[in-house]
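Colleague: Please put the model up. I want to go through the labels and hear what stands behind each one.

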Amino acid sequence: MGDRREINPLYNQHRLKLGTFSSNLSGGCAITTIDGVLQATWPDTLELARMADEMEFEALVPVGRWKGFGGVTNFNGAGFECLTWAAGIAASTKRCGIFSTTHVPTIHPVMAAKQVTTIDHISNGRFALNIVTGWYTGEIDMFGETLMDHDQRYDRALEWLEILKLLWTREEEFDYVGRFYQVRKGWLAPKPLQKPHPVVMCAGGSGKGRDFAARHCDVAFVACNTEDLDETRARIADYRRYAREECGRELMIWSNAYIVQGPTEKEARDFHHYYVYERGDWEAATNLVETMGARTEIMTPEILRAMKANFIGGWGGYPLVGTRDQIVDGLRMMSGLGLDGTLLSWPRYIAGMREFQTETFPLLKQAGLR
Ligand SMILES: Cc1cc2nc3c(=O)[nH]c(=O)nc-3n(C[C@H](O)[C@H](O)[C@H](O)COP(=O)(O)O)c2cc1C
């Protein structure tokens, strides 16, 4: 047991922290029909985790997904449930930070508190919980729940998280009477290893989601604006200022990116064009964008196409396309924006990450980013 700052890798000294994104789902982050994309098999997901462990990545963030997005790939349709995935990965690794993503409406907070505690013990304090409120109606329907109005989802998430924190920290029994949950004589033992409690993340992008993250979570996310990085820099600084001044809290701020590396810049760009424009599953991307509720009606056709292309490329992350030196420059640039870390993915997840480990990661170390 100990101060989480001393046991969770998220608090280590690496200048740019790194993670993987969606390594538990078919397709990973790339909506394409090329060969070599990730399959939802245990050996595949474990291989990615082992590489991440060797490089001491701070965050393996799985995606909570219960249904795919159709198209010829049924993108993300097959995949592993996040908490049980995290327990297995925790037992199979030694150094990396491990996350689980949990949809609030799918799990009672008493169950979630106990499961997180168990994984915290298995991982020796390397665990973090990503809270999502849900936006895919077809998924929430399967649980016999109704997707609530957007802001109400966060009101419910707040009660849910309050109960988790009480269970994690209170020695004596307690009653909780909320709008959404009632807990009679709540109690939990053992407590998590991390003190005061395991790290909590929320990647909400709306005003309500950002406020929830700033007030109640430890890790938040900002999407990099590919057209205007100065705007991203300002948004990150403003998020930190808001958390510090309005909520009296320090936030870790991360983003997500995808890597397309080639021997030359042209080869990397050609491959990017190939898997996105020639072999992309545009139907699945359209379904994804519409399900997320993107306001497509106010976009020009060009902007909408660019948005879908970026989802096909790597779940809407920041594209890092080029030689290994250019990838290192891109990651240095992300660090310079004020980010604590970034999640990564590769279109051919396993082959791409292996190449990153052998060719690119040593250069990141030389650059002082790791
Ligand atoms: C890094 C990252 C991870 C996310 N993981 C999931 C996930 O696993 N499942 C999910 O349904 N939504 C996921 N989301 C969506 C967010 O939780 C959130 O709903 C979305 O950013 C919209 O923001 P809002 O809820 O504030 O409107 C993720 C977003 C990001 C940036």
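Colleague: Where does Pro190 lie?

Modeller: Pro190 sits in the loop between strand E7 (182-186) and strand E8 (194-195). Strands here are DSSP runs of E with at least two residues, helices are runs of H or I with at least four, and both are numbered from the N terminus. Two points before we go on. Residues are numbered from 1 along each chain as its sequence is written. This is a predicted model, in which local features need pLDDT of at least 70, side-chain atom pairs count only at pLDDT 80 or more, and totals for chains, interfaces and linings use all residues.

Colleague: What makes the bond between Ala189 and Pro190 cis?

Modeller: Its omega is about 0°. The bond from Lys195 to Pro196 is cis too, with omega near 5°. Pro196 is in the loop between E8 and E9. Most peptide bonds are trans.

Colleague: Why is Ser22 called buried?

Modeller: The rule counts other C-beta atoms, placed from the backbone, within 10 Å of the residue's own: 20 or more is buried, 12 or fewer is exposed, and in between is partly exposed. Ser22 has 24 such neighbours, so it is buried. Its place is the loop between strand E2 (17-21) and helix H2 (42-54). Its phi is near 60°, positive although Ser22 is not a glycine.

Colleague: What is the phi of Trp315, and how do you know whether Trp315 is buried or exposed?

Modeller: Phi is near 50°, again positive in a residue other than glycine. The count for Trp315 is 23 other C-beta atoms within 10 Å, therefore buried. Trp315 lies in the loop between helix H11 (301-314) and strand E12 (318-322). Most residues other than glycine have a negative phi.

Colleague: What makes Phe174 partly exposed?

Modeller: Phe174 has 14 other C-beta atoms within 10 Å, so it falls in the middle class. It lies in strand E6 (residues 174-177). Lys185 is 11 residues away in sequence and 4.8 Å away in space, C-alpha to C-alpha. Setting aside residues up to four places away in sequence, Phe174 touches Leu166 and Gly186. A contact means C-beta atoms, placed from the backbone, within 7 Å.

Colleague: Why is strand E4 said to be mostly covered?

Modeller: Six of the six residues in E4 (residues 98-103) are buried. Ile98, Ser100 and Thr102 point one way, while Phe99, Thr101 and His103 point the other.

Colleague: How do you know that E4 pairs with E5?

Modeller: Pairing needs at least two DSSP bridges. E4 and strand E5 (residues 127-132) have six and run parallel. In E5, Ala128 is the bridge partner of Phe99. Met201 is in contact with both Phe99 and Ala128, and its other contacts beyond four places in sequence include Leu129, Cys217 and Val219.

Colleague: Which residues touch the most other members of the largest nonpolar core?

Modeller: Leu60, Ala86, Met201, Ala220 and Ile259, in a core of 95 residues. Such a core is a set of buried Ala, Val, Leu, Ile, Met, Phe, Trp, Tyr and Cys residues joined through C-beta atoms within 7 Å.

Colleague: What covers the buried residues of H7?

Modeller: The cover includes helix H6 (150-169), strand E9 (199-202), strand E10 (219-221) and helix H8 (229-247). The buried residues of H7 (residues 207-216) are Gly209, Arg210, Phe212, Ala213 and Ala214.

Colleague: Which residues are closest to the ligand?

Modeller: Val63, Ala203, Gly204, Ser206 and Gly209, out of 16 that surround it. The test is a C-beta atom, placed from the backbone, within 6 Å of the molecule. The shell holds six nonpolar, nine polar and one charged residue. Ala, Val, Leu, Ile, Met, Phe, Trp, Tyr, Cys and Pro count as nonpolar, Asp, Glu, Lys and Arg as charged, and the others, Gly among them, as polar.

Methods
Contact = placed C-beta atoms within 7 Å.
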